[in-house]
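Trainee: I would like to learn how to read a few features of a structure. Please take me through them one at a time.

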Amino acid sequence: MTVRTLPGPNAFKLGLFGLNTDGGIAITKVPERWRARWDDIAEVVRLSDRSGLDFLLPIARWKGYGGETNVRNACFETLTYGGALAAMTERLFIFSTVHVPVVHPVFAAKALTTIDHVSHGRAGLNIVCGWHQAEFDMFGLSQGAHDDRYERGREWYEVLTRIYAEEGRPFDYKGRFYDLKGVTGEPAPVQRPRPFTMSAASSPTGRAFAMATSDILFDTFRDIEAGKRQLAAIAEASAQAGRAEALGVCTACHVVARETHAEAEAYYRHYADTNMDAAAVDFHVGTTKANRIVDAAMIEDRVRRAAGLSSYKLVGTPEHIAEQLIAIHRAGFAGTTLSFVNFKDELPFFIERVMPIIRRAGLVA
Ligand SMILES: Cc1cc2nc3c(=O)[nH]c(=O)nc-3n(C[C@H](O)[C@H](O)[C@H](O)COP(=O)(O)O)c2cc1C
C-alpha cells in the first residue's frame with residue numbers, strides 16, 4: 001500500500017511550524033525569541049521557498065498562555081495570512097490551521113479556495129478541533145466534550161467537501177451540529193476533490209478522525225522506537241479502513257544546530273530550562289492534561305514543553321541533526337516540521353549545513 005504524502009520532489013518533506021506566532025512553538029523568555037513580526041516572517045518564507053523546503057504550517061491561536069511573556073497571544077490568523085504567503089511564494093505548500101468551532105465550514109471552504117487559486121494549487125488545510133476553552137469563551141462557544149469535538153469536525157468536513165463536490169449546485173445539510181439551507185460555494189478549488197488536508201491528534205478518536213478525513217496525520221513521538229510502533233498501528237488502521245493510500249504521518253521537531261554539540265546543548269538548556277517561562281509552561285501542561293489524551297510522560301517533561309511543546313529534540317551538530325532526520329525518515333515518517341527559537345537567525349545555518357547532508361542521503365532533492 002502506498003503512503004500518502006505531499007506532492008513535490010523531496011522524499012522527506014520539510015516544513016516550518018509556528019512562524020505566525022509569538023515564540024514559535026517554544027515557551028521561553030530569552031530576548032531573541034521569535035516575535036512573529038511580518039517583515040521577519042516574509043524574509044524566512046522567501047528563503048524557505050527558494051531553498052527547497054516543502055511547506056509552512058501555522059498555529060491557530062486566539063489567546064496566550066499567560067506567564068511573563070503571555071506567549072502565543074500575538075498570532076496572525078491563518079487564512080488571511082495564507083493568502084498573503086500564497087501570493088509571495090512559488091513552491092511551498094501553504095497550510096491554514098482552522099479551528100472547527102470558530103470558522104464556519106461555508107466560510108472555510110471559500111477562504112481555502114481563494115488561497116488555492118492564488119497559489120495555483122498549493123493550499124493546505126489543517127483541521128483542529130480545539131483544546132483551549134478560554135479561546136472559545138471569547139466567541140461565546142463551548143468546545144464540548146473531547147470526542148464530540150471530533151464529531152463536530154466530521155460534520156464540518158462533510159459540509160466543506162460537499163461544497164466542493166457540488167460545484168455550485170445548492171444543497172441542504174442537517175446534522176447534529178449544523179443545520180444549513182441552500183449551501184453553495186464557487187469557484188471550485190484548483191486541487192480536486194479538495195485541497196491537501198492534515199489533522200493532528202494522538203487520541204484514538206482524533207486518529208480515527210484523521211483516518212476518515214485527512215491525507216496526513218501530524219503526530220509527535222517520544223523516541224524513534226515508539227514512533228515506529230505508532231506508524232505500524234496507523235498503517236494497519238489504514239488498511240482496515242480500506243483507504244486507497246495509507247494515511248501519511250508527519251512529525252514535529254525543534255532544532256538547535258551549532259558547530260559543536262556542547263554549544264548546542266548549552267543553548268538548549270539556556271532557552272528551555274534556565275529561561276523557560278515557567279508559569280506559561282505550567283498553564284500549558286495543566287490545560288493539556290485536562291483536555292487531551294496523550295502520553296503523560298511527554299506532557300510532564302517541562303523542559304521539552306518549553307523547548308517545543310511535544311516535538312522531538314534535534315539539538316547538536318549539523319551531522320547529528322542530519323543523522324536524526326535520516327532515522328526519522330527511515331522509521332517511515334513522511335516528513336517533519338522544524339521550529340527554531342529564532343527562525344530568521346537560525347534557519348540559514350540549517351539550510352547551509354544540514355540540508356546538504358540530508359540531500360546526499362536522498363531525503364531532499
Ligand atoms: C503538529 C501539531 C499542530 C497543532 N496545531 C494546533 C493549532 O494550531 N491549534 C490548536 O488549537 N491545536 C493544535 N494542535 C493540537 C491538536 O489539534 C489536538 O488538539 C491535539 O493534538 C490533541 O488531540 P487529541 O486529544 O485528540 O490527541 C496541534 C497538534 C500538533 C501535533
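Trainee: Is Phe-95 buried or exposed?

Mentor: Buried means under 20% relative accessible area, exposed over 50%, and partly exposed in between, with a 1.4 Å probe and protein chains only. Phe-95 has 3% relative accessibility, so Phe-95 counts as buried. Phe-93 counts as buried because its relative accessibility is 6%. This is a predicted model: local features need pLDDT of at least 70 and side-chain atom pairs count only at pLDDT 80 or more, while totals for chains, interfaces and linings use all residues. Residues are numbered from 1 along each chain as its sequence is written, and side-chain values use heavy atoms, with hydrogens and water left out.

Trainee: How many aromatic pairs does a search of the whole structure find?

Mentor: A pair of aromatic rings is described by the distance of the centres and the angle of the planes. Rings of Phe, Tyr and Trp (its six-membered ring) pair if their centres lie within 6.5 Å; planes under 30 degrees apart count as stacked, over 60 as edge-to-face and the rest as tilted. The search finds 18 aromatic pairs in the whole structure. In one of them, Phe-93 and Phe-95, the ring centres are 6.4 Å apart and the planes stand at 40 degrees, so this pair is tilted. For Tyr-268 and Tyr-271, the centres are 6.0 Å apart and the planes are at 90 degrees, so that pair is edge-to-face.

Trainee: Where do Tyr-268 and Tyr-271 sit?

Mentor: Helices (H or I, at least four residues) and strands (E, at least two) are DSSP runs, numbered from the N terminus. Both tyrosines are in helix H8 (residues 261–274), and because they are three residues apart there, about one helical turn separates them. Tyr-268 is buried at 4% relative accessible area, and Tyr-271 is buried at 2%.

Trainee: Which residues do ring pairs link into a cluster?

Mentor: The cluster consists of Phe-55, Phe-93, Phe-95, Phe-196 and Phe-218.

Trainee: Which residues are the closest to the ligand?

Mentor: A residue is near a molecule if one of its heavy atoms lies within 4 Å of it. The ligand is surrounded by 18 residues, and the closest are His-99, His-146, Tyr-150, Ser-202 and Ser-203. Strand S3 (93–99) and H5 each supply at least two residues of this shell.

Trainee: What lies at 2.4 Å from an oxygen atom of the ligand?

Mentor: That is a polar side-chain atom of Tyr-150. A polar side-chain atom of His-146 is 2.7 Å from a ligand oxygen, and a polar backbone atom of Ser-202 is 2.7 Å from an oxygen atom of the ligand. On its own the ligand has 620 Å² of accessible area, of which the protein covers 92%; such areas come from the Shrake-Rupley method with a 1.4 Å probe, and for residues only the protein chains shown count as cover.

Trainee: How many residues has helix H5?

Mentor: The expected span of a helix is 1.5 Å times one less than its number of residues. Helix H5 (residues 146–166) has 21 residues and reaches 31 Å from its first C-alpha to its last, close to the expected 30 Å. Just after H5, Glu-167 takes a positive phi of about 45 degrees.

Trainee: Where does His-117 lie?

Mentor: His-117 lies in helix H3 (residues 105–118). Its relative accessible area is 36%, so His-117 is partly exposed.

Conventions: A polar contact is a pair of N or O atoms within 3.5 Å; within protein, one must be able to donate a hydrogen and the other to accept it, and residues adjacent in sequence count only if both atoms are side-chain atoms.
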